[in-house]
Amino acid sequence: MKLIKTDHAYRVHIETFGCQMNEYDTELVRSLLTSRGFLFTEDREAADVILMNTCAVREHAHNRVYGHLADLKTIKRQRHLVVGVLGCMAQNLKEELAESEPIVDVLVGPDAYRRLPDLLADAIEAQEQGTARKGIAVDLSEYETYDDILPERTEGVNAWIAIMRGCDNFCTFCVVPYTRGRERSRDPHGILREAEHLASRGHKQVTLLGQNVNSYRFEDWDFARLIIAVAEVPGIERVRFTSPHPKDFPPALLEAVAGHPKVCKHIHLPLQAGNDRILDLMGRTYTRKEYLALVDDIRGRIPDIALTTDIICGFCSETDEEFRDTYRLVQDVGYHAAFIFKYSERKNTIAARKFPDDVPEAVKSDRVARLVELQRATSLTKNQAMVGRTVSVLVEGDAKKSSDQWMGKADNHIAVIWSKAGSRARVGDLVPIAVTHASVTALFGNEQPSGSSIDAGAD
Ligand code: SAM
Ligand code: SF4
């Protein structure tokens, strides 16, 4: 193990791209580096080391990373600077980044973060000696879950807990199984210790994370048992989870969501497409009919549930008629919100190897625009249906547009905004808000005295 010189603590600036799992990994990296004497800085100009924790899932995040690398070239010409690329792009584009990006000194994939402190120490030493050394660690592991590392978190109401890593589903469009490796679940006792630690630090909400979070299994623990155990941790007021796969919703899990007051009544249920031929080409393992039956089952057991989804438009060979099946399904289900993406071919995936990316860009964009328009109208209707109700809101902080207003989330994950005037609320409190009006993305209302009764029902 290399020791970091104590006469000068090296300052690291880290930028995170992509999903919540990457945010969690950044917290792990902070913890690993802090324990080896590195300091962190928000100021890029003051940093000795700049790290980018990257995402390879869609083209957009990928392009942003290349944009940032171009900026760093200028800084690196002027002074000593070690540049590291971490995460999914490091894993998936190792050759490309190692060969064609001379400014990258360190490349570390999602299963190799333990090696990062040594690789950075080597790169810093080499640079101070006027030489260059590239440190690369991109081995995928069948076992690494970082179970013994307590992530270093920034303050906030919510904290992420990764309960599993990797994914075995190999949806044909998706790069995750190649960048994050095989699926492995963490020991539940480590997860519960982490939840207890979070509660003792004042976090009121935990969000359990996994690429396929509901296929969690460790010995005789399944996801339903785990989510209830986390909800029982004293001090934790709300438990959320993301992203589940529609194939793993046994009745016990739906009962856990329905029956435990601390498990939030919100399920993100990625659809991807509403046409059977496309679902089959995507390797999603369910049909339109099975997905709709699951939606009915969920709503039958949990009438106040809010459903959200992910959809990909313009997957290989998708026709207009097939897209219309997706459109109709989105219309029929009536999601509270949806993340709608253009298909982007990802290197190494099954689709990239087998199916031509043949839907023209303009057609993809048009389909995205049509679905976004539909979804905005549905979200507005769903939100307007909440007007007149009193909802319980977990206070997160100032509203984005004004520090005279609070912003928090209702149990069903919808943002709620209200005036601070006369408010007794503090960050982390659960407060009753009577909803007076609604927009596409938020509810607005008035704070009620604590103890006011809460109306059930998101719809
Ligand atoms: N595990 C989750 C599931 O089963 O749906 C999703 C995780 S994925 C990292 C997040 C979302 O990115 C997916 O639901 C999908 O809609 C989108 N996505 C993944 N690969 C994509 C691609 N090649 N092009 C466009 N969107 C993609
Ligand atoms: Fe990707 Fe499919 Fe795994 Fe989700 S379930 S991470 S979409 S391979």
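## Leu208 and the cores

Setting aside neighbours within four places in sequence, Leu208 is in contact (heavy atoms within 4.5 Å) with Ile161, Ile163, Val213, Phe223, Leu226, Ile227, Val230, Val239, Arg240, Phe241 and Thr242. This is a predicted model, where local features need pLDDT of at least 70, side-chain atom pairs count only at pLDDT 80 or more, and totals for chains, interfaces and linings use all residues. Residues are numbered from 1 along each chain as its sequence is written, chains are lettered from A and ligands numbered from 1 in the order in which they are written, and side-chain values use heavy atoms, with hydrogens and water left out.

Leu208 is also one of the residues with the most contacts inside the largest nonpolar core, which has 70 residues; Ile163, Phe223, Val230, Ile267, Ile298 and Phe315 are the others named. Helix α8 (residues 223-231) gives the most to this core, with seven residues; helices here are DSSP runs of H or I with at least four residues, strands are runs of E with at least two, and both are numbered from the N terminus. There is a second, separate core of 29 residues, and Ile14, Leu33, Val106 and Leu119 are among them. A nonpolar core means a set of buried Ala, Val, Leu, Ile, Met, Phe, Trp, Tyr and Cys residues joined through side-chain atoms within 4.5 Å. Buried is under 20% relative accessible area, exposed is over 50%, and partly exposed is in between (1.4 Å probe, protein chains only). In soluble globular proteins, nonpolar side chains tend to be buried together.

## Ligand 1

Which residues are the closest to ligand 1? Of the 17 that surround ligand 1, they are Arg58, Gln211, Gln272, Asp310 and Ser344; a residue counts as near if one of its heavy atoms lies within 4 Å. A polar backbone atom of Gln211 sits 2.5 Å from a nitrogen atom of ligand 1, and a backbone N or O atom of Ser344 is 2.8 Å from a nitrogen atom of the ligand. On the Asp310 side chain, an N or O atom is 2.6 Å from an oxygen atom of ligand 1.

On its own, ligand 1 has 560 Å² of accessible area, and the protein covers 92% of that (Shrake-Rupley method, 1.4 Å probe). Strands β15 (306-313) and β16 (337-342) are the elements that give two or more residues to the shell. By class, the shell splits into seven nonpolar, five polar and five charged residues. Here Ala, Val, Leu, Ile, Met, Phe, Trp, Tyr, Cys and Pro count as nonpolar, Asp, Glu, Lys and Arg as charged, and the others, Gly among them, as polar.

## Ligand 2

Around ligand 2 you'll find Cys167, Asn169, Phe170, Cys171, Phe173, Cys174, Val176, Pro177, Gln211, His245 and Arg284. That shell has seven nonpolar, three polar and one charged residues.

Gly283, in the loop between α10 (276-282) and α11 (288-301), is partly exposed at 23% relative accessible area. Beyond four places in sequence, Gly283 touches Cys171 and Thr172.

Asp168 is in the loop between β8 (164-165) and α6 (176-180) and is partly exposed at 38%. The Asp168 side chain makes a polar contact (2.9 Å) with the side chain of Arg182; within protein, that term means N or O atoms within 3.5 Å, one able to donate a hydrogen and the other to accept it, with residues adjacent in sequence counted only if both atoms are side-chain atoms. A polar atom of the Asp168 side chain also lies 3.0 Å from the backbone nitrogen of Glu183.

Not counting residues up to four places away in sequence, Thr326 touches Ala273, Gly274, Asn275, Ile311, Glu318 and Leu371.
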